[in-house]
Amino acid sequence: MDCVPLHQTTLHKWTAYINRLHTFIHSIAITCMIFHRFSSFLFTKDSLQIPLIPWLLISSSELLLCFIWLMKSAYNWRPISRSVFLEKLPPDEELPSVDVFVCTADPVREPPLKVMNTVLSAMALDYPPEKLSVYLSDDGGSSLTLNGTHEAWEFGKLWVPFCRKYGIKKSCPEAYFSVLDNNHDGSKGFREERENVEREYEKFKEKLRIAGENGGVNSSQDHPTMIEIIGSKDSGNSDPGKSEIPRVVYVSREKRPSHPHNFKAGALNVLLRVSGIISNSPYILVLDCDMYCNDSTSARQAMCFHLDQRISSSLAFVQFPQKFCNISKNDIYDAALRYIFVVMWPGMDGLKGPILSGTCFYIKRESLYGSSTDKDMDLIELKQSFGPSNEFIKSLKRSSYYNNDGFVTTLFQETRFVGSSTYEKNTNWGNKIGFLYDSVVEDYFTGFILHCRGWSSVFCNPQKPAFLGNATTNLSDALIQGTRWNSGLLEVFLSRFCPIIYGLGRMPLLDCMCYAYFSAQPLYFFPVWCLAIVPQLCLLNNIHIYPKVSSSWFIVYSFVFLSTLAIHLWDVLRTGGTIRIWWNEWRVWMIKSVTAYFYGSLDAIMKFFGVKEASFVPTNKVADGEQFKRYQMGIYDFQASKMLLAPLVTLVILNMVSFFGGIGKRILAGGWEEMFGQIFLSFFILIVNYPIIEGMILRRDKGCIPTSATLVSIAFSFVILFLGSIAFIYMT
Ligand SMILES: O=c1ccn([C@@H]2O[C@H](COP(=O)(O)OP(=O)(O)O[C@H]3O[C@H](CO)[C@@H](O)[C@H](O)[C@H]3O)[C@@H](O)[C@H]2O)c(=O)[nH]1
Ligand SMILES: [Mn+2]
């Protein structure tokens with residue numbers, strides 16, 4: 001059979017050349033720098049005489065920065081982009097079926113209306129409806145969500161045919177009705193129908209609102225399995241092959257306090273089993289409850305890769321970028337995670353493919369079943385891996401099937417069985433099959449193991465965002481979320497699956513470096529903390545740690561500094577960013593290093609020593625009006641816990657003291673040449689973190705830094721300064 005190419009790949013040759021050249025030059029510079037750092041300490045008796053402890057801290061920081069930079073350079077090696085040929089897809093009858101998994105966990109932090117919009121947007125995907133099933137996992141076990149699903153189904157009966165009839169791509173009702181549609185304004189029939197659907201949508205919203213007001217409280221940690229195939233009773237559709245709207249299944253797995261439920265990964269694995277028994281589609285779209293489909297053609301786009309015979313056999317998943325509808329122009333918290341989706345993922349796409357990113361991906365079911373589906377496994381072995389359900393084991397060998405009315409009670413019982421909290425006991429779920437449990441960033445870890453097993457992935461980043469979600473738009477939420485991610489990432493780094501060790505030999509070196517960078521990234525906290533404290537204390541105590549301005553070694557250090565700034569600027573500008581974004585990303589990086597990376601690392605280290613258990617606080621999806629306004633205006637909102645603020649403010653105060661103190665001393669005692677590097681470093685830290693100074697001194701609104709946090713930080717800074725001076729007097 002002829003192999004029709006369904007997509008095409010473009011290598012960004014010039015970008016790759018420039019990147020590689022930079023990597024080469026920068027490597028030479030950092031080698032010189034490290035050489036100087038060590039030789040000036042060990043051999044020469046020149047003017048750089050640093051006491052042992054500061055030297056150790058500074059040199060290990062520099063080494064760590066170099067190591068992380070080296071890993072990161074792999075992302076720049078071979079950036080590509082891709083485009084698809086939708087018109088070359090096989091006819092609808094030949095398309096494989098798709099199961100959509102939507103996860104929700106908490107009706108308060110994740111309002112049912114949002115979740116239902118996601119469900120509806122998935123129901124209205126531009127795909128044969130009989131080949132589409134939408135599964136909603138409700139970890140909260142909330143009657144509000146179940147009730148909402150019923151209402152969504154009712155409204156879906158109107159919404160889905162409406163989208164199909166008029167080819168509406170923005171298939172999320174809330175998003176669709178919030179903009180005036182001028183594509184179709186000519187036809188009167190359309191306008192009438194749109195008005196009618198909009199009225200029904202308002203009614204639907206009202207019903208959810210009223211239910212929300214009267215809703216009871218459920219125990220999200222302790223409830224039985226609850227599975228319902230919505231609308232199966234009243235579908236009245238004698239010919240399921242011709243159904244108008246996709247099947248919707250509500251799944252709330254059993255949760256008991258005595259059994260670990262493994263958070264989102266656990267929920268997804270239950271969906272894998274339940275859907276295996278019900279529809280067993282070969283491809284699965286995974287969505288977070290706040291990520292709606294913004295372009296209904298995404299399933300077809302994904303099929304342009306999954307069905308392209310040049311790559312399909314080893315392709316595990318097609319990852320779309322996470323994009324957000326609530327990002328402001330300045331995006332002061334870098335909530336869009338811009339760098340990840342515009343620089344890193346396209347870079348990995350040129351290698352074995354991007355990292356699995358939690359949501360917005362179409363994955364091949366088979367890839368999640370590990371090597372256990374080998375044909376020659378017998379029933380006992382299969383049951384040891386997959387658990388005792390016969391029906392589920394049967395599904396492993398059977399291709400997808402759709403039976404609406406043929407769905408009998410015994411099968412239904414079986415779905416409840418596979419959703420029970422003890423089902424996975426002594427099986428390979430979460431360990432070798434399904435989404436993996438070893439890290440709270442189940443996406444990163446599962447993707448890593450898939451790549452280790454030889455699967456590849458593809459990054460599909462169309463002009464029109466295929467999915468849109470809600471990003472965290474306040475400092476507190478962003479840092480709490482970042483702490484969880486970084487804890488999970490470092491957890492992998494510290495485990496036996498550490499990418500640079502486990503990955504080597506299982507995947508190409510460059511991919512290995514990309515994975516290593518990601519999991520080592522929380523360690524940025526160490527150099528950032530050190531370089532924001534040690535040179536400053538040295539400055540105040542007349543110890544110089546960088547070469548004199550007139551020395552040629554000074555050029556090496558300056559070059560490393562400027563070249564790091566420059567390559568980042570190049571990355572931002574070549575991907576359509578601005579200087580402002582570049583500067584902003586620096587600031588966010590520093591803020592995160594001091595807080596989220598730091599606490600994330602602490603968390604991971606405590607888990608490593610068994611002092612702490614894994615936890616997953618779902619991110620808040622309800623925006624505070626005032627905070628959101630400030631975010632939109634580009635004004636930092638420092639309403640966060642002291643635990644998050646104190647480190648930031650302390651370091652800023654410390655740098656203010658050392659900057660002004662350092663200059664004062666130079667005026668009195670001279671020594672500008674030796675101390676220039678350190679004075680500049682403090683200056684740089686201060687201008688990058690200017691909003692913190694502003695929030696502490698100049699602002700008096702609700703989002704400013706609370707006086708109590710400032711006082712605590714002043715106390716901390718004095719302790720550090722005091723300890724620093726004692727240590728230096730003692731050492732020198
Ligand atoms: O016990 C849980 C906890 C969470 N979730 C769901 O998981 C999703 C992601 O949770 P969220 O609180 O939104 O976390 P984020 O940090 O925003 O999520 C990012 O990071 C996660 C890994 O930490 C990935 O799984 C996500 O896809 C990615 O968007 C949401 O739909 C939740 O409802 C569950 O189903 N069960
Ligand atoms: Mn989220």
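Helix H23 (residues 642-669) packs against helix H25 (residues 690-698) at an angle of about 95°, and their axes lie 10 Å apart. Axes here are lines fitted to C-alpha atoms, for helices over the stretch in contact, and angles run from 0 to 180 degrees between N-to-C directions. H23 is therefore roughly perpendicular to H25, a label for angles of 65 to 115 degrees, where under 35 counts as roughly parallel, over 145 as roughly antiparallel and the rest as oblique. Helices (H or I, at least four residues) and strands (E, at least two) are DSSP runs, numbered from the N terminus. Leu648, Val649 and Val652 of H23 meet Ile692, Ile693 and Met696 of H25, two residues being in contact if their C-beta atoms, placed from the backbone, lie within 7 Å. The residues of this contact divide into six nonpolar, no polar and no charged. In this classification, Ala, Val, Leu, Ile, Met, Phe, Trp, Tyr, Cys and Pro count as nonpolar, Asp, Glu, Lys and Arg as charged, and the others, Gly among them, as polar.

The model is predicted: local features need pLDDT of at least 70 and side-chain atom pairs count only at pLDDT 80 or more, while totals for chains, interfaces and linings use all residues. Residues are numbered from 1 along each chain as its sequence is written, and chains are lettered from A and ligands numbered from 1 in the order in which they are written.

An unreviewed UniProt entry annotates "transmembrane region" at residues 21-40, 52-71, 514-534, 554-573, 643-663, 675-693 and 705-731. UniProt positions are given in the numbering used here, feature names are shortened, and annotations may be inferred rather than shown by experiment. In the model, the span 643-663 is 100% helix and 0% strand, with its end C-alpha atoms 31 Å apart. For residues 514-534 the corresponding distance is 30 Å, and the span is 81% helix and 0% strand.

Attention now turns to ligand 1. Of the 23 residues around ligand 1, Cys103, Asp288, Gly358, Pro618 and Thr619 come nearest; a residue is near a molecule or strand if its C-beta atom, placed from the backbone, lies within 6 Å of it. Strand E3 (98-104), helix H7 (263-278), helix H14 (442-452) and helix H15 (475-494) are the elements that give two or more residues to this shell. By class, the shell has ten nonpolar, six polar and seven charged residues.

The unreviewed UniProt entry also lists "binding site" at Lys264 and Asp288. The two span 25 residues in sequence, yet no two of their C-alpha atoms are more than 9.6 Å apart, so they gather at one spot. Lysine 264 sits in helix H7 and is buried because it has 23 C-beta neighbours inside 10 Å. A residue is buried if 20 or more other C-beta atoms lie within 10 Å of its own, exposed if 12 or fewer, and partly exposed in between, with C-beta atoms placed from the backbone. Beyond four places in sequence, lysine 264 contacts Cys103 and Glu442. Aspartate 288 belongs to strand E7 (residues 283-288) and is buried too, with 25 C-beta neighbours inside 10 Å. Its contacts, not counting residues up to four places away in sequence, are Cys103, Gly358, Thr359 and Gly469.

The feature "binding site" is likewise placed by UniProt (unreviewed entry) at Glu110 and Asp139. These residues are spread over 30 residues of sequence but cluster in space, the largest C-alpha distance being 11.4 Å. Glutamate 110 occupies the loop between E3 and helix H3 (112-123), and is buried, with 27 other C-beta atoms within 10 Å. Leaving aside neighbours within four places in sequence, glutamate 110 contacts Thr104, Ala105, Val115, Cys289, Asp290, Pro618 and Lys621. Aspartate 139 is found in the loop between strand E4 (132-138) and helix H4 (143-166), and counts as buried with 26 C-beta neighbours inside 10 Å. Outside four places in sequence, aspartate 139 is in contact with Thr104, Ala105, Ser220 and Ala267.

Leucine 337, between strand E9 (315-319) and helix H9 (338-349), has phi near 50°, a positive value in a residue other than glycine. Leucine 337 counts as partly exposed, with 17 C-beta neighbours inside 10 Å. Asparagine 542, in the loop between helix H18 (525-540) and helix H19 (552-574), has a positive phi near 60°.
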